[in-house]
Amino acid sequence: MKARLISTVVTVLAVTATAACGGGGTSSSSSAGSSKTLTYWASNQGTSLENDKAVLTPELKKFEQQTGIAVNLQVIGWPDLLNKILGATTSGQGPDVLNIGNTWAASLQATGAFMPFDAKALTAIGGQDKFLPTAFSTGGAVGKPVTSVPLYGLVYGLYYNKKLFADAGLQPPTTWQELQADAKKLTDPAKKQYGMVLEGASYTESVHFAWIFGRQNGGQPFDAAGKPTFTTPGMVAGVKQYVDLMGKDKVVNPSNVQYKNGPEAPGDFAKGKAAMLMSQNNADNTLQADGMKSSEYGVVAIPTPSPLPAGGKDVASFVAGINLSIFKNTKNQDGALKLVKFLTSTEEQAILDKPFTALPIVKGGTVNFTDNKAEADVFATVLATKAEPLPLIPAESAFETNVGNAVNGLLAQAATGKDVTTADITKAMQEAQDKMGTTP
């Protein structure tokens with residue numbers, strides 16, 4: 001599973017979170033061995049589970065040499081990770097330290113199974129100030145002590161094909177209007193070339209862009225009390241901005257409604273079938289595996305409408321990535337904190353970010369997964385200044401499912417040539433909002 005799917009959360013999360021309040025249990029898995037041994041559940045960030053083990057094992061051996069604490073590493077694939085975490089929150093038989101998708105933070109926090117990073121714990125891992133504020137902001141529900149801290153960073157960017165742009169006499173877009181105009185000029189169905197490629201069957205991609213463009217248009221999916229506000233003008237305008245690429249603008253191949261979170265969309269971009277691709281920074285691996293050299297594409301921040309609509313914000317991505325949590329029933333809290341400090345150190349970030357195509361989440365970290373400095377600077381700037389966390393509430397998972405599926409349906413309508421109107425979008429968003437009332 002690609003790292004950009006980190007935010008995929010099944011609806012069962014919110015249900016189990018409610019049932020699992022209190023967490024804890026009798027013992028963690030570390031209690032079965034020496035208190036000098038930690039169990040660490042790592043998520044699959046590399047090309048395979050074995051690849052992750054090959055990357056992490058020598059680093060964890062280094063940690064053991066420094067601290068005398070051995071680490072029992074278990075790398076868990078994304079299809080299994082969430083269910084294993086939820087099982088651990090109810091049984092109490094979990095690891096000491098684990099990776100979580102950062103958009104799970106608030107929902108998992110609600111289980112009560114994870115150790116809060118209070119002032120003492122934050123000091124033990126090097127202090128809150130060592131982290132980028134945007135990355136640290138994903139650690140839990142607003143107003144509560146965080147129960148996770150950032151480990152690997154990801155954000156969206158706009159990839160563009162340098163040759164196609166140069167041949168058309170175009171510069172990369174700096175406003176949404178320029179993006180639309182460029183995409184139209186670069187669309188030639190007779191040549192099977194389109195201005196943009198989308199993953200129209202991916203509800204995660206759909207909800208991500210509904211949220212990003214909603215923020216650009218002054219929308220917010222929940223109010224201060226946590227009540228869903230999917231039908232407000234800003235959110236509806238944001239969805240329309242996205243769906244119009246397939247519908248009104250006709251700069252996306254209608255077949256894209258079949259593309260999920262797989263190799264198809266990056267593959268079309270790498271093969272010159274699409275001039276632009278909105279994707280997270282780990283798309284580099286896929287593009288280069290498809291034969292595209294890093295010198296053949298450029299990256300800019302996803303642009304905003306100009307001028308920004310009332311209340312709109314210059315948001316180019318949500319803060320994606322992986323966080324670290326500690327089960328509060330660990331028998332070696334001191335050792336667990338040392339492992340978190342080690343993994344989030346500037347030195348380890350520099351080592352791990354390259355094979356995992358991640359952005360550093362610490363201040364002063366260097367982007368090293370690409371040799372293209374301009375690309376590195378763009379992604380680092382987006383994470384630091386143009387990214388916000390997705391809603392930090394337990395209902396976030398249901399928001400992703402309901403809105404993402406609704407947007408997929410609208411894209412499917414647009415692919416048939418139907419004019420998807422503001423009224424159509426408002427109706428779909430209302431239906432998604434109504435489902436929130438039946439989702440815990």
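Helices (DSSP runs of H or I, at least four residues) and strands (DSSP runs of E, at least two) are numbered from the N terminus. These legends describe a predicted model, in which local features need pLDDT of at least 70 and side-chain atom pairs count only at pLDDT 80 or more, while totals for chains, interfaces and linings use all residues. Residues are numbered from 1 along each chain as its sequence is written, and side-chain values use heavy atoms, with hydrogens and water left out.

View A. Gln349 is part of helix 14, which covers residues 346–356. Its relative accessibility is 2%, so Gln349 counts as buried; buried means under 20% relative accessible area, exposed over 50%, and partly exposed in between, with a 1.4 Å probe and protein chains only. A polar atom of the Gln349 side chain lies 3.1 Å from the backbone nitrogen of Ile361. Beyond its neighbours within four places in sequence, Gln349 is in contact with Leu151, Leu343, Thr344, Leu359, Pro360, Ile361 and Val362, where contact means heavy atoms within 4.5 Å.

**View B. Helix 16 against helix 17.** Two packed helices are described by the angle between their axes and the distance between the axes. Axes are lines fitted to C-alpha atoms, for helices over the stretch in contact, and angles run from 0 to 180 degrees between N-to-C directions. Helix 16 (residues 396–415) and helix 17 (residues 422–436) have axes that come within 9 Å and cross at roughly 150°. This makes helix 16 roughly antiparallel to helix 17; angles under 35 degrees count as roughly parallel, over 145 as roughly antiparallel, 65 to 115 as roughly perpendicular and the rest as oblique. From helix 16, Ala398, Phe399, Asn402, Val403, Ala406, Val407 and Leu410 meet Asp424, Ile425, Ala428, Met429, Ala432, Lys435 and Met436 of helix 17. By class, the contact of helix 16 with helix 17 has 11 nonpolar, 1 polar and 2 charged residues. Here Ala, Val, Leu, Ile, Met, Phe, Trp, Tyr, Cys and Pro count as nonpolar, Asp, Glu, Lys and Arg as charged, and the others, Gly among them, as polar.

**View C. Helix 9 against helix 16.** Helix 9 (residues 203–216) packs on helix 16 at an angle of about 95°, with the axes 7 Å apart. Helix 9 contributes residues including Tyr203, His208 and Trp211, and helix 16 contributes residues including Phe399, Gly404 and Leu411. The contact of helix 9 with helix 16 has 8 nonpolar, 7 polar and 1 charged residues by class.

**View D. The loop residue Ala395.** Ala395 is found in the loop between strand 11 (387–388) and helix 16. With a relative accessible area of 22%, Ala395 is partly exposed. Not counting residues up to four places away in sequence, Ala395 touches Phe222 and Met436. The C-alpha atoms of Ala395 and Ser107 are separated by 7.3 Å, although these residues are 288 apart along the chain.

View E. Most residues other than glycine have a negative phi, and most peptide bonds are trans. Lys192, not a glycine, has a positive phi of about 55°; this residue sits in the loop between helix 8 (176–185) and strand 6 (194–197). Lys192 is exposed, at 64% relative accessible area. Lys250 also has a positive phi of about 55° and is found in the loop between helix 10 (233–246) and helix 11 (264–270). Lys250 counts as exposed, at 52% relative accessibility. The peptide bond from Ser306 to Pro307 is cis, with omega near -5°, and Pro307 lies in the loop between strand 8 (297–300) and strand 9 (317–318).

Terms used: Polar contact = N/O pair within 3.5 Å; in protein donor to acceptor, adjacent residues only side chain to side chain.
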